[in-house]
Amino acid sequence: MNERLMNRALGAYLGFACGDALGATVEFMSPKQIQKRYGVHTEMIGGGWLGLEPGQVTDDTQMSLALGRAIIDHHGWNLRAVADNFLAWLDSDPPDVGNTCRRGILRYRDEGLLMGLPREDDAGNGACMRNLPVVLATLDRPDDFEVWSLEQSHITHHNPLSDGATLALGRMINALINGQGLESCLLEVERLINQYSEFAYTPYPGKASGFIVDTVQTVLHYFFNTDSFESCLISTVNQGGDADTTGALAGMLAGAKYGLEQIPMRWLAQLDRRVSAEIRGQVATLIKMNS
Ligand code: MN
Ligand code: MN
């Protein structure tokens with residue numbers, strides 16, 4: 001097992017969960033409201049509109065874990081198992097469920113459909129946010145990566161912008177985990193923007209809603225304009241809006257780039273222990289599926 005690769009993969013998944021738990025406190029707040037209430041929001045204190053415990057994660061991490069569990073339990077790809085895990089998660093009365101996610105999961109429950117027809121209003125960030133386990137299980141199998149990513153996405157979100165972002169972020173993470181550095185990441189971003197000019201993020205428009213374009217612009221802006229895991233995450237979540245999801249995705253990229261040891265101890269220590277234990281287990285198992 002390549003130790004550095006493992007370290008970056010753990011950095012990505014734990015960084016993702018840290019971003020979720022840190023950002024959830026200020027989800028749906030504006031940068032001004034955050035500044036007024038917290039100055040700069042830097043600690044994993046819970047609260048927010050969901051009234052979370054410190055270190056508690058939300059749908060972003062829970063849906064990722066549900067997807068990872070399906071891959072692990074079935075030693076590979078089983079789309080129905082993924083949908084079943086999403087349904088079991090919805091039935092568990094989670095603190096937060098996105099509207100498009102709920103609509104897709106109920107469509108599966110009520111009609112047995114594993115994908116919806118393409119829709120313009122499916123351009124939320126819910127499919128993109130939960131795709132990391134697929135990336136980890138397919139590091140050296142780009143064809144599987146593409147098929148699995150799109151299939152899991154289309155259970156709830158069927159939209160070209162969502163698809164484009166999910167594939168691009170997955171390929172960026174793959175490059176970082178494989179140690180290919182920032183140039184390969186930038187190439188992926190360039191490809192995405194060539195395909196869908198909406199994603200251009202310079203100059204940064206400053207919106208951070210759950211619309212996949214706003215989400216990706218925010219994540220890319222702060223990932224490429226900060227120089228540490230901590231500054232990347234703090235800048236991202238203080239932009240507010242869908243802060244748990246932008247935080248999670250920024251934490252995923254920054255964790256893969258800087259590695260596990262750059263994630264501040266105070267955040268790792270505060271993160272829900274059951275969640276971090278399951279993430280460590282999933283990373284070890286998913287990475288092994290590549291050999
Ligand atoms: Mn969330
Ligand atoms: Mn969110």
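Tutor: The lining of the largest pocket draws at least two residues from each of helix 3, helix 5 (99-111) and helix 12, where a helix is a DSSP run of H or I with at least four residues, numbered from the N terminus. This is a predicted model, in which local features need pLDDT of at least 70 and side-chain atom pairs count only at pLDDT 80 or more, while totals for chains, interfaces and linings use all residues. Residues are numbered from 1 along each chain as its sequence is written, chains are lettered from A and ligands numbered from 1 in the order in which they are written, and side-chain values use heavy atoms, with hydrogens and water left out.

A pocket here is an open set of points on a 1 Å grid over the protein atoms alone, where a 1.4 Å probe fits and protein lies on both sides within 12 Å along at least five of seven lines; a lining residue has an atom within 4 Å of a point. The largest pocket holds about 340 Å³ of space, a volume being the space filled by probe spheres set on grid points that are joined across faces, edges and corners. Its lining has 20 residues, and those closest to the centre are Asp59, Gly98, Asn99, Asn125 and Asp242. Helix 5 gives the largest share of this lining, three residues. By class, the lining comprises nine polar, six charged and five nonpolar residues; Asp, Glu, Lys and Arg count as charged, Ala, Val, Leu, Ile, Met, Phe, Trp, Tyr, Cys and Pro as nonpolar, and the others, including Gly, as polar.

Donors are N, O and S atoms within 2.8 Å of the metal (3.2 Å for Na, K and Ca), and the site may look incomplete because water is not among the atoms. Asp60 and Asp244 are both buried, which here means under 20% relative accessible area with a 1.4 Å probe and protein chains only, exposed being over 50% and partly exposed in between. Asp244 coordinates both manganese ions, ligand 1 and ligand 2, which are 3.4 Å apart.
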